[in-house]
Amino acid sequence: MIWFDRLIKPSPTNDRPDPREHLVNDLAVAVTVLFAFLLALGVRNQADFASQFVLLNAGAANGGALRVAYPDRWAVREQSPGGFTALQLGSPSLYETQVTVSSRPLGEAESLELARFERSLKLAASLDTYRELTAETLTLLNGSPAIVTTYGFVVDPAQESGAAELPIVVKGEDILFVAGDFLYSVTLRADAMAWEASAHAFAVVTASLRLQPVTELWADPARGRSFDGAAQNKGGN
């Protein structure tokens, strides 16, 4: 240990450093560490919010086209002119974290509330132990309404893949809205235990829709019926 003591002790032939030099050196080290931390944080945030975009119903009139983002490192497994499914690669659960977007023509006298009620009935009939947790009205880019429903259900891996695993509680969120003559459904789903960890990824999707709390009640039925997809594309994402 003698050689180590010689390294850390000041040389007897050198002058003792001035206290101001110590302060300058400490400040320089602190600034360097802070800069490195901010740089790493920026790189991480950029990676978290990097995205790819899908343009749906590109040829639709009346603002029916919709541009939706999904996380850059996710994989698209199914895609059609009116929808797609993207999965997180390497999900922490047997149930893969995912986003599914689908669309269909809106019925002539169909309202958003009626469409949401019918979808809830279908989910209750097709998903095991389906339970609706919350339902609220938010707004999209131009103030048009969207009904956001949060729910849960159970998936049994033994039935789907033969895996000897316990049933998985899945949390889902459906965002239902109208664009032009189309009814859109944007569905976010993940293992309930991984939902919080998926928040950044899901934020990529909802940010592209410009989803936000309702700021005022709409009185115009035409406004409540349609979301202007053209305005979304002009605003960019």
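Predicted model: local features only at pLDDT ≥ 70, side-chain atom pairs only at ≥ 80, totals over all residues.
Which residues are buried in helix 3?

**Stop 1: helix 3.** Select residues 112-126, a helix of 15 residues. From its first C-alpha to its last it reaches 21 Å, close to the 21 Å expected at 1.5 Å a residue. Now show the side chains of L112, A115, R116, S120 and L123, which are buried. They cover an arc of only 140° around the axis, which puts them on the same side of helix 3. An α-helix has 3.6 residues a turn, so residues three or four places apart point the same way. Turn to the face away from the buried side of helix 3 and pick out K122 and A125, both exposed.

**Stop 2: the cover.** Next, select what lies over the buried residues of helix 3. The cover includes strand 5 (98-105), strand 6 (131-139), strand 7 (145-155), strand 8 (168-179) and strand 9 (182-191).

**Stop 3: the largest nonpolar core.** Select F84, V99 and F177, the residues with the most contacts inside this core of 27 residues. Two or more core residues come from each of strand 1 (51-56), strand 2 (66-71), strand 4 (83-87), strand 5, strand 7, strand 8, strand 9 and helix 5 (199-209). Strand 9 gives the most, with 5 residues.

Centre on V99. Leaving aside neighbours within four places in sequence, V99 is in contact with Y70, W74, F84, T85, A86, V186, T187, L188 and V205.

Technical notes: Residues numbered from 1 in each chain as written. Heavy atoms only, no water. Helix = DSSP H or I, 4+ residues; strand = E, 2+ residues; numbered from the N terminus. Expected span 1.5 Å × (residues − 1). Buried < 20%, exposed > 50% of the residue type's maximum accessible area, 1.4 Å probe, protein only. Arc of directions from axis to C-beta. Contact = heavy atoms within 4.5 Å. Core = buried A, V, L, I, M, F, W, Y, C linked by side-chain atoms within 4.5 Å.
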